[in-house]
Amino acid sequence: MKVDEIYVILHENINKLLEASVANVAFTPPETVYLSLHSTYSNATTAGTELSGNGYARQELSFSTATDGQIVATGNVSFTANGGTWDTAISSGIYDDVSAGNMLFFSKMPQKTVEDGSTIEILAENIKLRIL
């Protein structure tokens, strides 16, 4: 499944990156980040409604080295419904924690309802973060 190639960075994360770049404010990136699926859209200040239940869990992401202002995931990410059908996923997010934490980036995606026992797979090449 293809998600929008450009993930949008949340305002809070923009501020941290700007301060670390030019205001000598320390920034500690998360050790691990996780991909999430949402049934409502996120915006630059608020996360959408994340899917839950029936085996849903955020999935760990790894990234390559940044090149030309973008960084790409290194592996495909799969979500499998187990025990029932999930709400329709219409957006995805990248978080700094497996179950709570802060949303760092978000993106729209084609609508997808995952039936019990079926899987949604997002290809690594479609998980790109860019700073323009």
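1. Ala-20 is found in helix 1, which spans residues 11-22; helices here (H or I, at least four residues) and strands (E, at least two) are DSSP runs, numbered from the N terminus. This is a predicted model, in which local features need pLDDT of at least 70 and side-chain atom pairs count only at pLDDT 80 or more, while totals for chains, interfaces and linings use all residues. Residues are numbered from 1 along each chain as its sequence is written, and side-chain values use heavy atoms, with hydrogens and water left out.

2. Ala-20 counts as partly exposed because its relative accessibility is 34%; buried means under 20% relative accessible area, exposed over 50%, and partly exposed in between, with a 1.4 Å probe and protein chains only. When residues up to four places away in sequence are not counted, Ala-20 touches Val-25 and Phe-27, contact meaning heavy atoms within 4.5 Å. The C-alpha atoms of Ala-20 and Gly-84 are separated by 44 Å, and the two residues are 64 residues apart along the chain.

3. An open sheet of 5 strands has the order 1-7-6-2-3, with antiparallel pairing, where two strands pair if DSSP finds at least two bridges between them. Strand 1 and strand 3 are the edge strands, each pairing on one side only. As a general point, strands of a sheet pair through backbone hydrogen bonds, either parallel or antiparallel.

4. Within this order, strand 1 (residues 8-9) pairs with strand 7 (residues 103-112) in the antiparallel sense over 2 bridges, and Ile-9 has Phe-105 of strand 7 as its bridge partner. Strand 7 also pairs with strand 6 in the antiparallel sense, over 6 bridges, with Lys-112 in strand 7 as the bridge partner of Ala-89. Strand 2 and strand 6 run antiparallel and are joined by 5 bridges, and the bridge partner of Leu-35 in strand 6 is Ile-94.

5. Strand 5 and strand 8 pair in the antiparallel sense over 4 bridges, and Phe-79 has Ile-120 of strand 8 as its bridge partner.

6. A search of the whole structure finds 2 aromatic pairs; rings of Phe, Tyr and Trp (its six-membered ring) pair if their centres lie within 6.5 Å, and planes under 30 degrees apart count as stacked, over 60 as edge-to-face and the rest as tilted. Tyr-56 and Phe-79 form a stacked pair, at 5.9 Å centre to centre and with 5° between the planes. This pair links distant parts of the chain, 23 residues apart, with Tyr-56 in the loop between strand 2 (33-38) and strand 3 (59-61) and Phe-79 in strand 5 (residues 77-80). Tyr-56 and Phe-79 are both buried.

7. Tyr-56 and Trp-86 form an edge-to-face pair, at 5.5 Å centre to centre and with 85° between the planes. Trp-86 lies in the loop between strand 5 and strand 6 (89-95), 30 residues apart from Tyr-56, and is buried, as is Tyr-56. Tyr-56, Phe-79 and Trp-86 form one aromatic cluster.

8. Arg-58 lies over the face of Tyr-95, at 3.5 Å from the ring centre, and Lys-108 lies over the face of Tyr-41, at 5.3 Å from the ring centre. A charge sits over a ring if NZ of Lys or CZ of Arg is within 6 Å of the ring centre and within 35 degrees of the ring normal.
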